[in-house]
Every structure is written in structure tokens, then in C-alpha cells.
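Me: I would like to learn how to read a model of this kind, feature by feature. Could you take me through the general idea each time and then turn to the case in hand?

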Amino acid sequence: MSPTVKKSNPSAIPSVDRLLRDDAAIALTDQYGRAAVLDAVRVVLSSLRRQMSSQDATDNTSVDYSQDGILARAATVLEALMAPSLKRVFNLTGTVLHTNLGRAPLPDVAIAAMVAAAGASNVEYDLAKGRRGDRDDHLEGWIKRLTGAEAATIVNNNAAAVLLLLNTLGQDKEVIVSRGELIEIGGAFRIPDIMTRAGCVLREVGTTNRTHAKDFAGAIGEDTALLMKVHASNYAIEGFTAAVPEKTLATLAHDHDIPFVVDLGAGMLVEMERFGLPHEPTPAESIADGADLVTFSGDKLLGGPQCGIIVGRADLVARIKENPMKRALRVDKVTIAALEAVLRLYADPDSLVEKLPTLRLLARSAEDIEAAARRLAPEVSKRLGSSVTVSLIACQSQIGSGSLPVDRLESAALELRPVTPAKGAAAALRQLVESFRSLPAPVIGRVRENALILDLRCLEDEAGFIAQLDGLLNS
Ligand SMILES: *Cc1c(COP(=O)(O)O)cnc(C)c1O
């Protein structure tokens with residue numbers, strides 16, 4: 001480190017040309033290219049000039065105007081600029097399918113498939129016939145087998161699936177939905193808004209807590225395009241409630257020659273009870289109940305990549321595929337590769353809980369998580385020093401992404417509490433939370449009652465987690 005130069009005269013700042021001839025600048029140029037280094041040097045220089053003019057009258061001994069100092073700052077600027085914005089994080093929030101943290105973590109087989117498909121691939125090419133193919137062909141067979149549906153098509157996410165379905169079957173017509181199901185899902189997906197954008201007229205029936213078959217029957221008219229049921233996935237209405245069963249709605253719709261469609265949201269492909277988890281409706285059940293079309297997400301309970309899946313009657317799926325909007329909402333080859341790899345795991349449901357991360361994390365026992373907490377508590381404590389107490393607590397995880405909103409999974413967590421006088425507690429906690437968030441693989445927990453809670457349900461890479469905690473002491 002060169003000695004700090006005390007100067008308040010801007011002319012003391014070395015010129016850009018001189019800086020770029022320095023060995024340190026040449027090394028940076030080799031790594032990042034000349035244009036980027038030039039930009040970074042200019043950024044540092046203009047910030048120095050600003051600092052100078054604002055500190056002119058006072059003391060500026062802390063400002064380093066030396067050539068080495070300036071280039072060291074430029075290196076920091078370049079490092080920050082070139083660091084990937086999207087990073088791996090440790091999701092210790094206790095919400096397994098966390099929308100802000102990327103929902104389902106993909107299995108290794110899916111990651112390998114994505115890498116393999118990333119270059120040129122036969123995404124829309126029929127290798128047997130040597131001509132143009134359909135990108136849905138890679139997936140449709142699997143989805144038909146797993147849901148019992150006649151046909152399937154895939155789009156960007158479930159919101160897109162609902163939009164496309166409504167626009168195809170209900171444009172300029174009425175769609176009848178129970179008032180209790182006009183839900184909003186995080187990130188501004190609201191059923192009434194999607195309906196409007198799809199060009200449909202929403203016809204609400206029933207009341208918030210109770211809707212009966214006769215409400216639907218009374219609303220069906222000449223302009224009715226379809227009956228729709230939306231799985232109220234992210235909340236529960238309890239108490240004096242009534243909803244119309246899918247079978248009844250299907251019969252009613254078919255008596256009037258209109259389709260009955262279900263937006264399932266999560267849409268698990270196998271019975272969750274198999275794995276000791278609460279029941280979640282499956283597309284196969286809706287199809288068996290008479291639904292003509294069902295939509296669900298690929299990255300919720302299914303445990304795959306972000307996408308939306310539409311299954312059901314072949315004639316209706318064919319109409320959806322012909323809608324020009326389908327082209328705007330289609331999935332890319334990398335998504336198709338990942339989804340195909342995940343669906344293949346479903347061929348053997350017995351090994352699913354071991355091979356599919358989402359299910360493995362959801363089915364993980366509280367005892368297993370508690371054992372991890374016992375292993376990790378002393379390691380974490382050692383690295384945080386005496387200013388933070390680390391205790392093992394019982395907690396509850398949730399599934400997330402609107403699946404089973406009232407069900408909780410027993411879990412275990414580390415509770416990190418700064419040891420400070422009451423007055424400085426909030427600042428100390430904020431600093432602790434920020435230091436975990438600033439790690440190379442940021443650790444995201446939740447804050448509760450003046451402590452940082454790290455739910456360990458989703459922590460599988462314990463060694464990686466511990467290794468980077470060494471960095472906390474120096475920060
Ligand atoms: C999650 C959800 C959606 C939106 O699905 P995305 O895949 O996030 O676009 C739509 N409807 C229901 C019922 C949902 O639970």
C-alpha cells in the first residue's frame with residue numbers, strides 16, 4: 001500500500017493516461033478489457049474530485065489520491081461490476097418453495113439436462129422424420145401418462161397458462177367463477193385482472209364464504225364460455241363455508257355444452273400422503289372429476305423449472321396451441337430439458353422423495369433437522385464469537401408458493417441473538433442480518449423477536465454453509 005498523499009489540489013490527481021500505463025492497470029486490462037478499465041478509472045476519478053471539493057475546506061487525509069490507491073479502487077469497482085447478479089443463496093427462511101428465492105431447487109439430473117440442451121438441440125426438430133417438430137412433443141407423453149389427460153401443452157408459467165386458456169376459450173364471452181375464488185397470488189397475479197386482459201367478462205357468483213351449484217346454474221346463459229374453478233391456494237376460508245365440488249360443476253357445464261376448467265396452482269403429480277405430507281389436489285383427480293382443462297405450475301410442488309402446464313381434452317388443447325399468443329408464451333429449450341428430466345423421476349414414485357429436492361426437503365423429519373441443528377450450533381457459535389448467542393429452537397416451516405397455506409411442518413432452527421444493551425439491539429441485529437446476506441452465497445433467514453432465525457430444513461450443504469462463515473469475522 002502506498003502512503004496516503006495529502007493533497008487538496010485536483011491537479012495532484014494522476015491523469016487517465018498515466019494511470020492506464022501502470023502495471024496494475026495493465027493487469028486489469030488483461031482481465032477485463034480496456035473499455036471496462038477506462039470506465040472504472042473514470043468513475044473513481046470523478047468520485048475523488050467530488051470528495052475533494054466537498055472536503056476542501058476541512059481535512060482530507062483519509063482520501064488516497066495515489067496511483068496505487070486509485071487503481072485499487074478501480075479494481076474493486078470492476079470486481080463488483082463483473083460479479084454475477086444472480087447468485088446461489090442458502091434459503092433458511094423456512095419457506096421451502098420461496099418465490100423470491102427461485103421456488104423449487106432442481107435435481108442434478110435436470111441441471112445436467114439443461115447443460116446438454118444449452119447448445120444446438122432438437123427442440124423443434126423431428127429427428128425421426130428429419131423435419132420441423134413441435135416443442136411440446138418432448139413432454140406431452142410424460143404429462144399424459146402422469147395426469148391421465150388426453151393432451152398437454154407447456155407455457156412460461158401458470159399465470160401464462162391461465163391467460164392463454166381464458167383468451168382461447170373465453171374471449172368476448174363470460175366466464176363464471178365463485179366469488180370466494182377471486183384470488184390474488186403474490187406478484188400481482190389477480191384472477192379478475194387476468195380475466196380482463198384475456199378479453200373475458202368475469203361473472204362472479206355466490207358469496208365470499210359460500211357458493212352453491214344453483215348460483216352457477218342461475219348464471220349460465222348464451223354468453224357463457226366456461227365454468228372455472230380456482231384452487232384458493234394461498235389462503236383458507238374457515239367456518240361457515242360451502243364450495244361446489246368439481247364433479248358437480250363438470251356435470252353442470254357439460255349439461256350446457258360448455259367446458260369446465262380448473263386452475264390448480266401447485267398441482268402435485270402424485271399423492272402427497274405417500275410421503276407423510278398433507279393432501280394436495282392432483283391434476284389427475286380434477287381430470288377424473290370431469291374437468292376439461294387443468295392448469296398448474298412447474299416450479300411449485302412438482303419440483304421442476306418455472307413453467308405452466310395445461311392438460312385436458314385434446315380438441316381444447318389443440319385450440320390453445322393454435323392461439324397466436326402461444327408463441328409469445330412458449331418455453332425455451334433449457335426449460336424443456338429440465339422439465340423432461342424431472343418428469344422422468346416421476347416414473348418411479350418410490351425413489352422420488354430421495355431424488356427430487358423439493359419433496360426431499362418437504363418430507364425431511366423434524367428429528368433429522370434437529371440433529372443438523374445440534375451439529376451446526378457450536379460451529380456457528382465459534383465463528384460468531386461472544387457477541388451473538390446461538391440457540392437451538394423448534395420452529396415450523398411452510399411449503400410456500402401458495403401450497404397448503406394452513407399446513408405447517410415441524411422443523412428446527414438456529415436462533416442468533418446479538419448480545420447488546422437493549423438500546424443497541426436493533427442496530428446489532430440489522431448488522432448481523434446484513435452480514436449473513438453479504439456472504440458469497442448469501443444466507444437468508446427470517447427475523448423474529450429481535451433474533452435472526454435460520455430454519456435448517458432446506459440446508460443440505462452443511463460444509464459449504466460453515467466454510468463461508470469464516471468470512472463473517474472479518475467483515
Ligand atoms: C401460483 C398460482 C398461480 C400462478 O402461477 P405461476 O406459475 O406463479 O405463474 C395461478 N393460480 C394459482 C391458483 C396459483 O396457486
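This is a predicted model: local features need pLDDT of at least 70, side-chain atom pairs count only at pLDDT 80 or more; totals for chains, interfaces and linings use all residues.

Me: What do burial, surface and contacts say about the chain as a whole?

Reply: Totals of this sort describe the whole chain before any single residue is considered. Of its 475 residues, 48% count as buried, while the chain exposes about 22,800 Å², of which carbon and sulfur atoms supply 51%. Among contacts with a separation of 6 or more, 74% are between residues 24 or more positions apart.

Me: How far apart are the mean positions of the positive and negative charges?

Reply: The chain carries 52 positive and 60 negative charges, and their mean positions lie 5 Å apart.

Me: Which residues of helix α6 are buried, and what covers them?

Reply: An α-helix has 3.6 residues a turn, so residues three or four places apart point the same way. In α6, which spans residues 137–147, the buried residues are Leu139, Glu140, Trp142, Ile143, Leu146 and Thr147. Their cover includes the strands β4 (151–155), β11 (293–297) and β12 (308–312), together with the helices α11 (283–288), α12 (314–322) and α14 (333–345). Just after the helix, Gly148 takes a positive phi of about 75°.

Me: Where are residues other than glycine with a positive phi found, and are they buried or exposed?

Reply: Two examples can be set side by side. Arg103 has a phi near 50° and is placed in the loop between β1 (90–91) and α5 (108–117); at 19% relative accessibility it counts as buried, because the cut-off is under 20%. Asp257, with a positive phi of about 60°, lies in the loop between α10 (246–255) and β10 (260–265), and its relative accessible area of 73% makes it exposed.

Me: How many disulfides does the structure hold, and how far is Cys395 from the nearest cysteine sulfur?

Reply: A disulfide is a covalent bond between the sulfur atoms of two cysteines. The structure holds 0 disulfides. Cys395 is in none, and the nearest cysteine sulfur, that of Cys458, is 11 Å away, whereas a disulfide would need the two sulfur atoms within 2.5 Å. Cys458 is likewise in no disulfide, with the sulfur of Cys395 as its nearest, at 11 Å. Both cysteines count as buried, Cys395 at 5% relative accessibility and Cys458 with a relative accessible area of 18%.

Me: Where is Cys200, and what is it in contact with?

Reply: To read the surroundings of a residue, one sets aside its neighbours in sequence and asks what else is in contact with it. Cys200 is found in the loop between α8 (191–197) and β8, and at 8% relative accessibility it counts as buried. Leaving aside neighbours within four places in sequence, its contacts are Leu166, Gly170, Gln171, Lys173, Val175 and Met195. Leu166 is 34 residues away along the chain, yet the C-alpha atoms of Cys200 and Leu166 are separated by 7.0 Å.

Me: Where is Ala25, and how far is it from Asp348?

Reply: Ala25 is found in helix α2 (residues 23–32), where it is buried with a relative accessible area of 0%. Beyond its neighbours within four places in sequence, Ala25 is in contact with Leu19, Leu20, Val37 and Leu71. Asp348 is 323 residues away along the chain, and the C-alpha atoms of Ala25 and Asp348 are separated by 57 Å.

Me: Is Asn209 buried or partly exposed, and in which loop is it found?

Reply: Asn209, in the loop between β8 (201–205) and α9 (213–219), counts as partly exposed at 32% relative accessibility. Asn209 and Ser178 are 31 residues apart in sequence and 9.5 Å apart in space, C-alpha to C-alpha.

Technical notes. Residues are numbered from 1 along each chain as its sequence is written. Side-chain values use heavy atoms; hydrogens and water are left out. Buried means under 20% relative accessible area, exposed over 50%, partly exposed in between (1.4 Å probe, protein chains only). Contact means heavy atoms within 4.5 Å. Accessible areas come from the Shrake-Rupley method with a 1.4 Å probe; for residues, only the protein chains shown count as cover. Lys and Arg count as positive and Asp and Glu as negative; His and the chain ends are not counted. The place of a charge is taken as NZ of Lys, CZ of Arg, CG of Asp or CD of Glu. Helices (H or I, at least four residues) and strands (E, at least two) are DSSP runs, numbered from the N terminus.
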